[in-house]
Structure formats: structure tokens, C-alpha cells
Amino acid sequence: MGDTLEWSDYLLQLCSALGLRDVDENSPDVYRKGAEALEVLKDIMRNLRVDVRNSQRPVLRQLGQFEFLQKDLLLLLIQYAGDESEIHLMITLLRVMTSMTLPASIVFQYETQGQSMEGLEKTAPFIQVNEYVTKYKAAFVQLFEMTALPEEVDSGKPPKYHSYAALRALLQLLYKPLTSEEQTEQDNTIIELVLTLIRNILHAPNPD
């Protein structure tokens, strides 16, 4: 039990180091990445890869319990998707989100050996992961309250407005790779990750 708590605390500290919302703002589009944000995401991705060896998927489930995707990852995506200098951060972020949004049937595909999918769907880990991906889908399609830039306000845009900001951020990441005359390996990676993430979101159960 002590080892589990120690491991959980480590994961929580790792997630906390990613960044935070600006306490002086009320809009979710104001998110400040930590100094080691890229390394944090790489560490989380390494933990998710190791997690595949554990039939209970404790890392995946703990991240879901922390609401890490809703409270941090989506806000990081919204804030930095349009910043070309942060493209490596965005690629690593996409890798983490793609791993976290995998359908439960794929997450536990190796556990189906020797038992029926119907039996697996009744287990606590499967039910929990399925609940989390349902919540992730709801988070991706929600309306975010955004703060307009000064120049946007000058042009007549309301200081506060609502937007499907997470989906818009994914399209922002796709725009340059899709419109490049000569697509690079990085362009292809971004296209593959964004489309896989969208596929995962579509595959998730619809929220109530």
C-alpha cells in the first residue's frame, strides 16, 4: 500500500510540474507551461509505455482520476497550438493524449486472451477506463470561455466569447502540414497523431 501511495504521489508531482492556469485570469485559455514541460510530457509518455505491461493499467487510470487531460493537457493544447516554436512540445502532447484516449477495448486487448470481451467489460479497470475516455470526449467537444486579444476587441470582438477551442487547436496543428507543398516527416507525424486522436475521440462512448 505504501509503495502505491508513493508512486501515486510521484505521478501527481510530475503532472503538477507541467504548468498551471494563470491565477489572475478566469479564462481557460491562459495556461502557463512549466520550465520542464516537454520533459514532463516525455516522462509521462514513458510511464504510459511501461503501464502496458501491467494488466491493471494503474498509470492510465491514475491520470484519469487526476483529470489530467481536462485540467492540464487540453489547456496546454489550446494555449500553444498556434506557437510554431512549441511544435516539439505539441507533438509530445499529442502522443500523450493519443495514448490516454485509446478505447478500453484496445487498452485491454491482450487481457481478452482466455476470456470473453463480455467478461472483460465487467471488470473494474475496464469500466473505469471506459468512463474516463467518455469524459475525455466530453472535454474535447465542450465550449470554452475565451479571452479576446486586444486587437480582436478593437475589431469588435467581445472581450469574452465561447469557442470549441480544443477542436480548433487540433485544426490549427493540422493546417500547416496539410498545406505544405512538400510534407516533411514531422508534418506526417503531426497528421497521423491528430487523426488518430480524433479517431479515438469519435470511438469513445457518447457522454450522457
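In this predicted model, the second largest pocket has a volume of about 350 Å³. Its lining comprises 16 residues, and those nearest the centre of the pocket are Met45, Leu48, Val52, Ser99 and Leu102. Three elements each contribute two or more residues to this lining: α2 (37-51), α5 (87-100) and α6 (104-107). Helix α2 gives the most, with four residues. By residue class, the lining of the second largest pocket divides into nine nonpolar, four charged and three polar residues.

**Salt bridges**

Side chains of opposite charge can pair when their charged atoms come close.

| Pair | N to O distance | Relative accessible areas |
|---|---|---|
| Lys42 and Glu39 | 3.8 Å | Lys42 32%, Glu39 35% |
| Asp43 and Arg46 | 2.2 Å | Asp43 23%, Arg46 43% |
| Glu84 and Lys176 | 3.5 Å | Glu84 59%, Lys176 48% |

Helix α2, which also lines the second largest pocket, holds both Lys42 and Glu39; because these residues are three apart in the helix, about one helical turn separates them. Lys42 is partly exposed, and Glu39 likewise counts as partly exposed. Asp43 and Arg46 also lie in α2, three residues apart, which is about one turn of the helix. Asp43 is partly exposed, as is Arg46. An α-helix has 3.6 residues a turn, so residues three or four places apart point the same way.

The side chains of Glu84 and Lys176 form a salt bridge at 3.5 Å, N to O. This pair connects distant parts of the chain, 92 residues apart: Glu84 belongs to the loop between α4 and α5, whereas Lys176 belongs to helix α10 (residues 165-179). Glu84 is exposed, at 59% relative accessible area, while Lys176 counts as partly exposed, at 48%.

Helix α3 (residues 58-66) is mostly covered, with seven of its nine residues buried. The buried residues are Val59, Leu60, Arg61, Gln62, Leu63, Gly64 and Phe66.

Most residues other than glycine have a negative phi. Arg57, although not a glycine, has a positive phi of about 50 degrees. Arg57 is found in the loop between α2 and α3. With a relative accessible area of 4%, Arg57 is buried, because a value under 20% counts as buried.

Just after α3, Glu67 takes a positive phi of about 55 degrees, again in a residue other than glycine. Glu67 is placed in the loop between α3 and α4 (68-80). Glu67 is partly exposed, with a relative accessible area of 32%.

**Nonpolar surface patch**

Val141, Leu143, Tyr164 and Leu167 make a nonpolar surface patch of about 340 Å². One of these residues, Leu143, lies in the loop between α8 (124-140) and β3 (144-147).

Conventions. Residues numbered from 1 in each chain as written. Predicted model: local features only at pLDDT ≥ 70, side-chain atom pairs only at ≥ 80, totals over all residues. Heavy atoms only, no water. 1 Å grid on protein atoms, 1.4 Å probe; cavity = no way out; pocket = protein on both sides within 12 Å on 5 of 7 lines; lining within 4 Å. Points joined across faces, edges and corners; volume = space filled by probe spheres on them. Nonpolar A, V, L, I, M, F, W, Y, C, P; charged D, E, K, R; others polar. Patch = residues over 30% accessible without salt bridge, like charges linked within 9 Å, V, L, I, M, F, W, Y side chains within 5 Å. Areas by Shrake-Rupley, 256 points an atom, 1.4 Å probe, with all protein chains shown as cover. Salt bridge = Lys/Arg side-chain N within 4 Å of Asp/Glu carboxyl O. Buried < 20%, exposed > 50% of the residue type's maximum accessible area, 1.4 Å probe, protein only.
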